[in-house]
Amino acid sequence: VTSFCWVSSCFAQLTTMRKVLLTLASSAWPSLAQPSRSCTDASFGPVLAGIDFVDLKENKKELVDAPDFGSSALSTKLNGYTFWFKSAANRDKFTADPWSYAPAFGCF
């Protein structure tokens, strides 16, 4: 009798979990059909909200200094993605050698 109760309880929990998963999946389905509006979409906005990657690499200590943000007035594109800079000099450095400043694994 004890094992039957245990099996019955497990079955009830699995049934409940299945209902929850089906509900979550069905609510997520419409968003999966929508066009991408995330950081992997080049039209989403500047990479990492506009962090100046030249300034980040050349002037900031990792895990110590907060990054500075650029502006849309000082921007350039790489593979369709927009990068913002806080100075024209930083923009020009990035343009001259973008892969030494862009995120190492793409990630944008």
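Contact here means heavy atoms within 4.5 Å. The structure is a predicted model, in which local features need pLDDT of at least 70 and side-chain atom pairs count only at pLDDT 80 or more, while totals for chains, interfaces and linings use all residues. Residues are numbered from 1 along each chain as its sequence is written, and side-chain values use heavy atoms, with hydrogens and water left out.

Apart from neighbours within four places in sequence, Val 54 is in contact with Phe 85, Asn 90, Lys 93, Phe 94 and Tyr 101. Asn 90 belongs to helix α3, residues 88–96; helices (H or I, at least four residues) and strands (E, at least two) are DSSP runs numbered from the N terminus. With residues up to four places away in sequence set aside, Asn 90 touches Asp 52, Val 54, Asp 55 and Phe 85. Asn 90 counts as buried because its relative accessibility is 8%, buried being under 20% relative accessible area, exposed over 50% and partly exposed in between (1.4 Å probe, protein chains only).

Val 54 is also part of the largest nonpolar core, which has 10 residues in all, among them Phe 53, Leu 78, Tyr 81, Phe 85 and Phe 94. Elements giving two or more residues to this core are α2 (53–59) and β2, and β2 supplies the largest share, 3 residues. Such a core is a set of buried Ala, Val, Leu, Ile, Met, Phe, Trp, Tyr and Cys residues joined through side-chain atoms within 4.5 Å.

Turning to the strands, β1 (residues 71–78) and β2 (residues 81–85) run antiparallel and are joined by 5 bridges; strands pair if DSSP finds at least two bridges between them. Leu 78 stands opposite Tyr 81 of β2. The hairpin of β1 and β2 has 2 residues between the strands, and Asn 79 takes a positive phi near 55° there.
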